[in-house]
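Biologist: Could you show me the model and then walk me through it slowly?
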Amino acid sequence: MTETVAPPRLDARRLRADFPAFELEIHGKPLAYLDSANSSQKPRQVLDAMREFYATSYANVHRAVYTLGERSTAGYEGAREKLRAYINAPSTREVVFTRNGTEALNLVAYAWGLDNLGPGDVVVSTELEHHSNFVPWQFLAQRAGAEFAVIPIDDQGELVLEALSEIEQRGRVKVVACALVSNTLGTINPIAEIAAWARDRRAISVVDACQAAPHRQIDVQALGCDFLALTGHKMLAPSGIGALWGRQDLLQELSPFELGGSMIRRVTVEKTTWAELPYKFEAGTPPIAEAFGLGQAIDYLNAVGLPAIERHEQELTEYAFARLAELPYVTVYGPPPDRRCGIVSFDVADVHPHDVAQILDGEGVAVRAGHHCAQPVMDHYGVAATTRASFYLYTLREEIDRLVDGLAKVHATFA
Amino acid sequence: MSDDLYRELILDHYKSPRNHGLLEPADARAEGQNPLCGDEVTIAVRFNGGDTIDAIGFEGRGCAISQAATSMLTELVQGRSVEEVAAMPKEELLEEIGVPLQQNPARLKCALLGLGVLKVALHRAKGTPLPDEWAGMDELEIT
């Protein structure tokens with residue numbers, strides 16, 4: 001092992017000045033926003049650039065001959081190139097803009113699943129999956145008469161990959177759908193290993209990177225997966241923009257998902273042929289300014305540096321674990337800090353997460369309470385819901401202190 | 001505002017729910033959940049052939065607001081006519097709960113879950129249509 005140099009630090013306090021939301025007071029207290037795994041706040045750099053884009057460069061894309069249309073198209077396609085570089089994809093032809101991660105995953109499930117699944121096939125998802133990479137596959141498997149199987153998790157919230165040998169006895173494994181990072185537990189999954197396992201069985205691997213892309217460097221070529229979905233709103237970009245990356249040979253074979261304007265080559269009464277990649281999968285007027293905004297967010301993230309972001313969140317997670325351990329009535333779910341992203345799901349004894357979140361809101365602390373669109377995870381731990389705190393590049397230690405103080409108040413209220 | 005929300009009466013009903021437990025047999029019964037947060041409530045009612053709620057019991061799991069509101073609801077409707085309760089406006093329950101929920105639509109749903117379930121039970125037992133404002137409540141069986 002060679003000694004690695006520690007990544008640089010970021011200055012969260014300085015970065016916060018870029019985010020107008022942190023000027024807000026909630027119930028008379030400064031906002032402590034611990035819900036970035038749900039959606040991130042947006043920096044001025046993104047907001048201002050989008051406003052400027054609408055004011056000076058906006059028209060529809062790909063069909064206007066005039067100057068404004070050219071500017072708009074350049075902004076939209078420029079964002080595609082920024083995203084290609086961000087995930088180290090070989091070509092922009094492989095980068096499809098969608099409205100969010102869910103749409104990207106539905107695109108694969110429908111366009112690939114309808115043509116490739118049938119009786120005797122096995123569709124594999126995981127117990128820790130967000131519903132967006134679980135429900136479409138469960139549904140498509142049922143429609144096709146294929147079997148639906150899940151890789152279980154252990155009590156640490158980590159995938160039990162040994163289960164794959166039993167799963168493959170059930171039939172032809174055709175697809176393995178798995179998140180890079182669990183949105184509920186923060187678990188970082190061994191995607192390269194899972195993708196290699198799938199490839200050895202001529203199955204495709206479909207990676208949900210929505211919770212990973214905002215926080216860590218992603219290299220689709222190093223991961224060796226076939227499809228990867230992400231969403232903009234969790235990574236400083238506006239809502240309404242997401243993306244699907246897919247291997248070019250697979251995307252070319254795929255039928256289209258949504259049909260209509262922009263995605264065609266030639267339409268006659270007898271037959272229609274499809275546009276080239278990636279436009280075959282971008283029917284209708286796309287989220288133009290939102291894509292542009294995603295490009296600006298990527299510039300911001302690159303300027304801060306993903307290694308620095310990852311280190312910052314790692315330190316916050318370790319700090320949160322240490323502070324939460326001081327509260328005997330708090331149970332934290334999932335793996336230890338060094339094997340997770342900046343996401344901490346926990347239970348406060350005898351208090352429903354909704355009540356926890358409500359009392360914390362009174363203290364200006366925003367957390368998520370609920371099933372986190374991952375009900376099988378809730379079932380695993382035998383709870384209806386959890387409270388989740390999540391961190392990002394703008395999170396401060398003192399916000400975790402305020403969370404801990406707020407939890408003491410929650411406990412006192414219900415004691 | 002959360003201090004107001006968790007006033008003494010709510011916490012008391014949450015910790016010591018009234019009319020807790022399901023009646024067997026029952027003349028009307030329904031269950032429902034809040035799909036957004038997973039609060040669950042099941043209510044069973046007896047009217048012994050007449051038109052009065054003679055007995056009511058509930059079970060559920062969820063946040064303090066949903067469970068306390070259902071507990072308070074059971075006290076509120078005990079001994080009243082089925083017809084009257086089936087037509088009871090939600091404001092009457094909210095007044096009884098007495099905490100500011102109007103500005104918080106998500107928590108309002110928690111507070112009204114029990115009433116919605118009770119309405120489904122009563123209208124189903126009497127064969128009358130569920131009022132429009134409760135539409136969809138009868139599709140939230142827990143299974």
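Biologist: What should I know before we start?
Modeller: This is a predicted model, in which local features need pLDDT of at least 70 and side-chain atom pairs count only at pLDDT 80 or more, while totals for chains, interfaces and linings use all residues. Residues are numbered from 1 along each chain as its sequence is written, and chains are lettered from A and ligands numbered from 1 in the order in which they are written.

Biologist: How many helices and strands does chain B have?
Modeller: Chain B has six helices and three strands, where helices (H or I, at least four residues) and strands (E, at least two) are DSSP runs, numbered from the N terminus. Starting at the N terminus, the order of elements in chain B is α-α-β-β-β-α-α-α-α.

Biologist: At what angle do α3(B) and α6(B) pack?
Modeller: Helix α3 (residues 64-77) of chain B packs against helix α6 (residues 105-126) of chain B at an angle of about 40°, with the axes 8 Å apart. Axes are lines fitted to C-alpha atoms, for helices over the stretch in contact, and angles run from 0 to 180 degrees between N-to-C directions. The two helices α3(B) and α6(B) are therefore oblique to each other, given that angles under 35 degrees count as roughly parallel, over 145 as roughly antiparallel, 65 to 115 as roughly perpendicular and the rest as oblique.

Biologist: And which residues of α3(B) meet α6(B)?
Modeller: From α3(B) they are I65(B), S66(B), A69(B), T70(B) and L73(B), and among the residues they meet in α6(B) are L113(B) and L118(B); residues are in contact if their C-beta atoms, placed from the backbone, lie within 7 Å. The contact of α3(B) with α6(B) has eight nonpolar residues, three polar and one charged, with Ala, Val, Leu, Ile, Met, Phe, Trp, Tyr, Cys and Pro counted as nonpolar, Asp, Glu, Lys and Arg as charged, and the others, Gly among them, as polar.

Biologist: How does α2(B) lie against α3(B)?
Modeller: The axes of helix α2 (residues 8-15) of chain B and α3(B) come within 8 Å and cross at roughly 85°, and the helices are therefore roughly perpendicular to each other. Their contact holds seven nonpolar, three polar and no charged residues.

Biologist: Switching topic, how many residues of chain A are in contact with chain B?
Modeller: There are 14 residues of chain A in contact with 14 residues of chain B. On the side of chain A, the largest share, six residues, comes from α12(A).

Biologist: What is the strand order in the seven-stranded sheet of chain A?
Modeller: This open sheet has the order β4-β10-β9-β8-β7-β5-β6, with mixed pairing, and strands pair if DSSP finds at least two bridges between them. Strands β4 (95-98) and β6 (147-151) of chain A stand at the edges with a single partner strand each, so one side of each is left without a neighbour in the sheet.

Biologist: And the sheet of four strands in chain A, what is its order?
Modeller: That open sheet runs β13-β14-β17-β16, with antiparallel pairing. Its edge strands are β13 (330-333) and β16 (368-370) of chain A.

Technical notes
Two residues are in contact if their C-beta atoms, placed from the backbone, lie within 7 Å.
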